[in-house]
Amino acid sequence: MIVYEKAPAKINLAIDVLGKRPDGFHEVEMVMTTIDLFDWLELSPLEEDRIEVSLESRFVPNDERNLAYKAAKVFKAQYNITQGVFIRIEKNIPVSAGLGGGSTNAAAVLRGMNQLFQTGLSLQELAELGATIGSDVPFCVFGHTALATGRGEIIQSLAAPPPCWVVLAKLDIGVSSRTVFDKLDLATISHPNITEVIDAIERQDFRHMCTYLGNALEQVTLVEHPSVAQLKERMKQLKARGVSMSGSGPTIYGLVEQEVKAQKIYNGLRGFCDDVYVVRTLG
């Protein structure tokens, strides 16, 4: 038996950081939605009790450092599965980009192993297991659009955002989420209006949603990496309707309603950075 899973990337329409938790994580509120940029995973059983991850990427390890590997290991341990699993990953989502590439791969492995070994678990049960792997994994298990609270593991489904095009641009740098959170100054942080973003989604008001996009983590990333701030400004100059950073960066995205406008922005960014994509929202 072979199981195939699509693993979509995500963007953050809003990220707020409310404070530091006793467990060392931060209390957050995030509005996230999936986009039409996928990794593809293929899972098949092995007779030997081992986990094998295969992928062609010099930036992504294929051992226990890989979140897909961790997900398989946690799943096997939790449900006493003695068969092994082979996982092939076709990477299309940029690495260390703030687009949830590792988390969505882990979520796809949980869903895939649930099918492969016929454990009959609900998405909620898979999400709870995913929370032990990474804070974004529960959202990625469900996908679509949601408000994530707690440290990111409490998921409340939302309506899909107004249909639009998303232009993604990533510079050739990596950003560590842990480092960004460690450097946050909670006393001076800028808090986006999560309520207004959710209200705009519910009313399908594209312009209102774009007005209230916001990411509290920009406080650190745009200062630590001035080139990301320049990229954001370039996206604005090209007249994207809503511009923000996804996750801890360095990816900057712009939202537009017309495909022809998205293509113009794409063309305007190609000389600025190599990783530029035009995709749709899926959520």
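Axes here are lines fitted to C-alpha atoms, for helices over the stretch in contact, and angles run from 0 to 180 degrees between N-to-C directions. Helices (H or I, at least four residues) and strands (E, at least two) are DSSP runs, numbered from the N terminus.

This is a predicted model: local features need pLDDT of at least 70, side-chain atom pairs count at pLDDT 80 or more only, and totals for chains, interfaces and linings use all residues. Residues are numbered from 1 along each chain as its sequence is written, and side-chain values use heavy atoms, without hydrogens or water.

First pair. The axes of helix H1 (residues 67-78) and H2 come within 8 Å and cross at roughly 35°. Contact means heavy atoms within 4.5 Å. On H1, the contact residues include Leu67, Ala71 and Phe75. On H2, Ser103, Ala106 and Leu110 are among them.

Second pair. H2 (residues 101-116) and helix H3 (residues 123-130) have axes that come within 10 Å and cross at roughly 130°. That makes H2 oblique to H3; angles under 35 degrees count as roughly parallel, over 145 as roughly antiparallel, 65 to 115 as roughly perpendicular and the rest as oblique. Leu110, Arg111 and Asn114 of H2 meet Leu123, Leu126, Leu129 and Gly130 of H3.

Now the pockets. On a 1 Å grid over the protein atoms alone, a pocket is an open set of points where a 1.4 Å probe fits, with protein on both sides within 12 Å along at least five of seven lines; lining residues have an atom within 4 Å of a point. Which residues lie nearest the centre of the largest pocket? They are Leu67, Ser103, Asp136, Ser177 and Arg178, out of 44 lining residues.
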